[in-house]
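Student: Hey, could you walk me through this one? I'm new to it.

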Amino acid sequence: KDMGKGKDMGKGKDMGKGKDMGKGKGKGMDWGQQQQSWGQQQQWQQPSGGAAGEVGQAKNIRIAGCKQEVVGPIICGEYTMTQMNHGKPAYTKAAQGSNGLAVMIYFWDERDGAAASGWWIGPTIGGNMVWGHHSNRTSATPPTTGWQAPHSSPADPSMVVSAVGSPMPMGAPAGVGGPPRPGQLGLMAQQQAQQAKIQAQAQKIAEQKVQQEQLRLKSEAEAKQKAVEMKKKQAEQQAAMVIRKDIMKLKGVTPESFEKLKEELAVTMGTEFEKCGSLQSSIQTENDKALAASKEKVEQIIEMRKKNEERLKEMEKTREEAREKATELLAELGLLVEAAEKAATAFGERVKSLSEKSLLTESAVNTACSKVEGEAEAFSEKAKAALDFIKEKGSEIKAAPPAASKKDDKDKAAEAPPTFQQLSAKASAAKGSIAKDLRMVKTLQTKLLKKASASEVMKKMKAVFTKYDKNKDGFLDRKEIAALAKGEYKFTVPEDSLDLITKAIVGEGKGVKADDFHRLICAVGAARERSKDQERKAEREQKEAELAEAKKKVQVVIDEIGAALKAASTDVTELGNQTRALPKDGKEMKSQAILARAAELEASVKAAAEKAKVAAEQAEKFGCDEVEKVLEKWVKAEKARMSNSAKTLELQISKAKTAVSTFKDQGTKKDAAEVKELGAKAMKRLRAALAEKKVTPLELFKEVVGSKETISKEAYVAFVGKLPKAAGEKEDETLSDEDLARAFAVLDEEKTGGVPSETFVALLRSMMKVVKDVALTGTLSLQDSKALRRMEAGEALEVLEGPVKEGELTRLRGRAMLDGQEGWVTVAGNQGSIFLKEGGSTFKIVKETILTECFEIDAPASEARKLKETTRKLKTGELVEVREWGKKQEGTGLTRMKCKVKSDGLVGWITTVGNTGIKFVEMV
């Protein structure tokens, strides 16, 4: 049934499932396909030698030259033609591959697409596993070159397929038509065995078909039987469902519905029970259980109803007792509230009587009001008693259930006693009324006291009138009015004021009547105030004159400070005008001119700052200590104005300082760049002198200094000024004595005025860095030279001679800074290899260390403070340039090196390697 789809018939994991999708690509071809294949063999003809680029009709072929390390060992070797596939020969390797698999070369046509066609190398024909491929679809035999191995890689030019021994004769392959040729008997026997195997498999398939037909008939019979049984079972289940529906009704049974539901279930059981068949037993059990459960449930409901009735009777009895108790408490509360209301009414009447009394003295008023307030406490106790009762018994009264309503309740509504809420409101109202009346007592007391006080004043005024009515005529004449003002108020009434008073109050009468006495008092008071106003006016005018004089004196001081501020402001404004153009000027001016201009401006800034400081100090001292209080506000305002002016000047001066400082920094940077450029030119001439004289930097140093130990500025200028121009310098480029004097700063790193030999040598020294291990030899020629030692990458080398050409190599003579060994080194090889690069004198800090003034790091205690003041911590990442190469300090075991810090130009000694081997620097 399945002749090529995988695991059947023991034909391996893939018997046609590969490239042909079960179309017979594998070993699972039927007998007709096999015969067709051999028919194709008989038609296969080709000339003996084969077409160009093919192996031809050779029975044995060989694969050789595949370089792929996995596929090569598997496919390389000799192959023998064993069969035909898709009209072309297929070959099998004589020995199995290293993984135990057979190896075959076969052709596949375009039935599965062009991509799957061509010549293949794999363990089985048409299998999924392949090791090599050739896309040639026209060659009759395997191509000799252009194979892909593995099949997904580019073509391997080293892989060659070639014929071994004699080519195959013209005609059919072995075993097809005619007598077998020598060497083909084994192939025929193998084909006959395969044909017998296929026939056995076909027989087995026929037997399997008979067995499957028998199984089909048996299955159909069983299905019919099951259908009958299923129909019977469905009928039983239908009847059982009808009964169970009535059984389910019993779950909601009540005493009233029990008999009816029981009867309905009995009727259903009578009609449907016989139809239940095999379910009768379970249905009967369910019926009995349901009836027993429903009967029990009905009995429980009846019992529960009985208990509920008894519980309701008990609750009604408890409610009735609570109602009776509440009625008693409510009656008691009613009596207390009635007493509180009577007390509130009585207290109100008592307060009302107080307002109707005629009390002429403050003492009488206070006595009467105190008496009423004392009585208030007794009245309040009545209201308090009612409210305390509510607080204590209120919960019992409110918790009592209301009485059951009756038909005649509406008729008796008028006779019903007040409710708890009504009594509570009345008790609160009684308390509020007493409190309100008590507050009224205070109000009445204030009014009565005012009335009594006014009465007392009138009595005193009457006594005063009588006192100054000398002639007892009931009037105060002009003379008596003047006596009143003098006697009572110590005031002599001016004549014009007396005329005004008599005219306004007396008129045509004899004098001021007692009823107008209060008007007289007011008029005398007005006359006295008018007189005082005149006195105050005179005092004010005098004071104003004095203040004007004092203000005039203060204004003189203010004017002096203002003049100082104005003078300083003029200078500062001019300074601002000068500094405004500095950024533009700095771009065009030379460094020396910038620095000179900056020095002038700094002096101007300093002078302006001094003026502004003096003016600001005067403004600060100016204050309110010796001025009139009335002038303090004005003085403070003036001081604030002058202080603000001084602060403005200070800000302008600060801005000018910043501009001048920036201008100076610009000049300093320009100067540094110019000095650096001049120094580079001078160093270029010195290096040219080294090359021309063929001397070392130390020898040149001795030529400059003679018997001295350091190069002075004068000696440097004199020596370099005589040197000729170096190669590459322009004709118009010159180095004046002034230029060389400035360039001397490049050498004078420690600012001592003299350059020691180690600094001079370090600056002139040409350094190279080893970037790839190279040999240090004794002579220029490599052929006759002996290697002194191997220089490792990272070492530094001082150039002593060269570089020069030695054949195709670039060589130079140098000194290894690690051990001082001199010799020749290759800079660049003839194949482009680079061994040396410029550099080797710049190092990077990789672990924090300190820069000290001297080589010895372990200073004595007496110099510890000095040492601390002259040290500087170098942080990771900072760069330094070598001035003296590292040497080990005795006693400490530290390797110390003199260097210059690139960031700030400081020169000193640092530790490069600790006594435990820790490195603090590395070459850049």
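Here is a short chat about some of its features.

Tutor: First, this is a predicted model, with local features needing pLDDT of at least 70, side-chain atom pairs counting only at pLDDT 80 or more, and totals for chains, interfaces and linings using all residues. Residues are numbered from 1 along each chain as its sequence is written, and side-chain values use heavy atoms, leaving out hydrogens and water.

Student: Okay, which residues touch the most other members in the largest nonpolar core?

Tutor: Ile561, Leu565, Leu575, Val605, Phe622, Met642 and Leu649, out of 27 residues. A nonpolar core is a set of buried Ala, Val, Leu, Ile, Met, Phe, Trp, Tyr and Cys residues joined through side-chain atoms within 4.5 Å. Buried means under 20% relative accessible area, exposed over 50%, and partly exposed in between, using a 1.4 Å probe on protein chains only.

Student: Which elements give two or more residues to this core?

Tutor: Helix 10 (517-580), helix 12 (591-621) and helix 13 (632-693). Helices (H or I, at least four residues) and strands (E, at least two) are DSSP runs, numbered from the N terminus.

Student: New topic: how many bridges pair strand 2 and strand 3?

Tutor: They pair antiparallel over 6 bridges; pairing takes at least two bridges found by DSSP. The two strands form a hairpin with 2 residues between them.

Student: And what's the phi of His86 in that turn?

Tutor: Positive, about 55°, although His86 isn't a glycine.

Student: Is His86 buried or exposed?

Tutor: Buried, at 16% relative accessible area. Lys751 also has a positive phi of about 55°, but Lys751 is exposed at 62%.
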